[in-house]
Amino acid sequence: MVNKIRFVNFPARFVYPLFIVAIVLFCLSPPLMAVPEDADYVGEEACLMCHDAYGESFGKTVHGRANIAGEAPVVSCESCHGPGSKHTESGEPADIFNPGKANSYEQTETCNTCHEKLKGNFGFSHLDIAGGCSDCHIVHSENEQLLVKQGSDLCFGCHVEVRGVFSMPSHHPVLEDRLQCYDCHQVHGGGAKFTSMDTERELCLSCHVDKQGPFVFEHDPVNEDCSICHNPHGSVADNLLIQADPFICMSCHPLHFHTSLDGVEEESSIRLHPDRGGLFTKDGFKRSMLTKCTQCHTQIHGSDLPAQSISGPGGLTR
Amino acid sequence: MNKLKFIIAILVTSIFIFTAVSIAQIEAPDIQTTFRIGGHYTTLDDYYKKAGEFYYGKEDPFPEFGLSLYSMEDSKSFNFSGDYFDKKNMFGRLNVMASDILKGSFSYRSFYRNKGTDLLENLMAKEKPDTLVGKSVTHEDTAPGADYGYTRHEINSDLEFKIPIDNKHDLKLIAAHRSIMHKGTEQKIVTMHCSSCHIQSHKVDVDRKSHNLSLDAQTAFDRLELGYGIEYNYYDSDVKTLEVFYDTAQHPNTGGAIGEFDARMNYNGEKVEVAREPKTEKISHRLNLKIPTGKGKLAGAFITSSIKNKWNDLRIRSNGGLLKYDVNFSPELHLLVDAKINRITNDEIFIDVAPWREGLTGGGQDLDYTRYSNLTRTLLSSNAKLKYRLGPFSDLFFQTGYERIKRDDYPEYGLNDKTTKFYGELKFKYRFVRLSSLRAKYRFTSIDNPFTIFGKLLEYRGNGTLFPLPDNGKVNYFQRDEIRYGNATNLPSLKHDIDVSMNVKAIKKLTITGGVRYTLEKNDDLDTFDYERTTLSPSLSFNLLGGPRWSFFAGGSLFKQTANAPVAFAMFDG
């Protein structure tokens, strides 16, 4: 009998309080940062008269270094902050556009003025869902690609629970820095490389090509969806299995009837194979058949070779 | 294969040549150099070796080194970054821009994966007999104490040309390559079934290779964007397949009844191949276009691919198309709709097996069959996504979609079953100051007839009448199997997903992130049992960006998953 989960209590505990917090935050939200009207461009020299520290660090960024080259489109203070004449006269922060304090639309549009290619990534990309470009990039940073952090650590800043799952005993080696989140995920949207239909199954098979088939003898879930058996981020069970072998198998298949056999505890000296001695245990058959199905069904993702039994050549044992 | 290796070699060599040319063209290059040195110490106390799948059970200090080189001038640049941990674990990447029209990148990485050892100690059993007869299972390890694992090497290279057509238009050509190689050793287990109940473990070499090669061409004519891509993949192993002598079929205890056991086996008393690595070839073509229409853009693609098993010429063919329409009705309202269709056919194959107990009383049943595949299917899906800007700092997202999988052979010929899925999602995002935001999501998914294993689990009521086989007047255990097992799935027919997270910028450099995710999956549609799985995952983290050169991160998350699912135990012997 399945225990009923008290689902109805969950919103009351977590969602409602957070919803109230959201409303409070909404009320406390600062006014929208806007580009001042009637301002003119004054050039970066005027900006650097006061913001000289930014000028020095900006020169080391990818934008600043592109400027030194002189041939690429010039990126200066006003490329992102808009015309600064009013601000240079008044000195008031409100008189110049600050993308860092703008909402995600204004901020993203500012970046997309030049980085139009990202805008062209059709659909609701990460860019829209996240808080804007500045969630991951710092324009004044000297880091590669202006990233707040390098590698998967950047992603874990928001996706903390995924980092936790990667700490489980079986996992793709992301925390070890051997693979990165972007090996599977396209952070700016778009299709995955080396896949044609961009399905999840195809994404897995783009690296695990040995599982793609076609095989003579198939395992139906392999054709269906890898996540029926595996959690790609990590799991307690070996091989990223969502449940340990044999229980993952037993959620669809019955056990061999040998499991119900009583055994004996004695030295093995059977007539047919006297060289394979050892100690039989009383619960031997249960241990044999209840430990790991894949010990015998080794070719669980598919095989071209028939198993030994005539009545079950597709047993995936060979 | 040699032609493929030649093309890959040309591609990789080109990137290095362009790198050299690019660096040479930078006059007095200003190279930013970063050298990193560090290390870590691993201690293992009562730690099951397999748990260290990538830190493979070594209790040692591990040094780490890293080097970055970066230079940029005009439209030329190079950027190298590399990390060295040990000879089996390293990483390097090189990005080069030789000019406005030429870009290249090359990367290499490797890591070692410990595959663990199956000790086989659980495989010793003998049925409690009154006499010498009875079932038994024994094991034999041909390489006792062996360590198993392989090093995974991955090489990626990309080369991008931008060829000017006229003042406004370019033709972009992108050649990409990826090779993944596994080198090491693995354990292969051989099961001699029933006739001797003898399990053998063998240590075998691993030398698997997967090569991808793709070529893309993209161009734009005024408002129309066009693209074509071709991709080729080849998978093979350079290791000779393991060959093992399968014991002569006879009673595992007494050595008798050779004829009886032999008549139940496809092969015995001979050497046959075991665990043969696949040898496959995949080729795919993709044609895509994008065209602005009014306030939106329409995109379409046609994809066709074919995967061939080179051992036996079996093929999977796939043809698909997709359409996307993306429109901004106003600055506040953004709509995206898409539809996709994909037809996959997996070749059928006739399986010819020996007759069951041929020549013996009651035997001679013909068990030949045709292997149909549940991969043969038609997939249809459509999605609509709506983004509405509630205010300057808040967004509302709504998504809904429908998916239909129609399998031709599911999983037995003639069932013609299909799965349909419908989902709806509502998401709210609120951003109140820079780097501070709140996101809340609720997703509902209803699945009609999720992938189900038919007739493989549990006894069910009203199981019909068993008739003895002709000639021997007995009911066989496989006949009992057929009528005693029902349908099962561990997939939900109903799913609720709630995800709430918040980033709060507590002080200028410190961001606190907290969230909770809750998922409930249920399936009470089957007659045989109910299935339910819940996942609760709250998390909290602190992220301090102290400056451009240092940061501090601390966080924790709890992942709790509870599943109520059946486990089937056999209730009788034979």
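On the surface of chain B, the residues B:Ile165, B:Phe221, B:Leu226, B:Leu289, B:Ile291, B:Leu298 and B:Leu323 form a nonpolar patch with about 560 Å² of accessible area together. Patches are made of residues with over 30% relative accessible area and no salt bridge, where like charges are joined within 9 Å and nonpolar side chains (Val, Leu, Ile, Met, Phe, Trp, Tyr) within 5 Å. A salt bridge is a side-chain nitrogen of Lys or Arg within 4 Å of a carboxyl oxygen of Asp or Glu. Accessible areas come from the Shrake-Rupley method with a 1.4 Å probe, and for residues only the protein chains shown count as cover.

The model is a predicted one, in which local features need pLDDT of at least 70 and side-chain atom pairs count only at pLDDT 80 or more, while totals for chains, interfaces and linings use all residues. Residues are numbered from 1 along each chain as its sequence is written, chains are lettered from A and ligands numbered from 1 in the order in which they are written, and side-chain values use heavy atoms, with hydrogens and water left out.

Chain B as a whole contains three helices and 30 strands. Of its 574 residues, 47% count as buried. Its accessible surface comes to about 27,800 Å², and 57% of this belongs to carbon and sulfur atoms. Among contacts in chain B with a separation of 6 or more, 60% are between residues 24 or more positions apart, a contact being heavy atoms within 4.5 Å.

Strand E27 (residues 510-523) of chain B holds B:Glu521, which counts as buried because its relative accessibility is 8%. Leaving aside residues up to four places away in sequence, B:Glu521 touches B:Pro492, B:Leu494, B:Lys495, B:Tyr531, B:Glu532 and B:Arg533.

Rings of Phe, Tyr and Trp (its six-membered ring) pair if their centres lie within 6.5 Å; planes under 30 degrees apart count as stacked, over 60 as edge-to-face and the rest as tilted. Four aromatic pairs are counted over all chains. The rings of B:Tyr246 and B:Tyr267 have centres 5.1 Å apart and planes at 90°, so this pair is edge-to-face. The pair links distant parts of the chain, 21 residues apart, with B:Tyr246 in strand E12 (residues 242-246) and B:Tyr267 in the loop between helix H2 (258-262) and strand E13 (270-274). B:Tyr246 is buried at 0% relative accessible area, and B:Tyr267 is buried at 6%. The charged end of B:Arg276 sits over the ring of B:Trp311, 4.2 Å from its centre; this requires NZ of Lys or CZ of Arg within 6 Å of the ring centre and within 35 degrees of the ring normal.

Chain A shows backbone features of its own. A cis peptide bond, with omega about 5°, joins A:Gly213 and A:Pro214.

Conventions
Helices (H or I, at least four residues) and strands (E, at least two) are DSSP runs, numbered from the N terminus. Buried means under 20% relative accessible area, exposed over 50%, partly exposed in between (1.4 Å probe, protein chains only).
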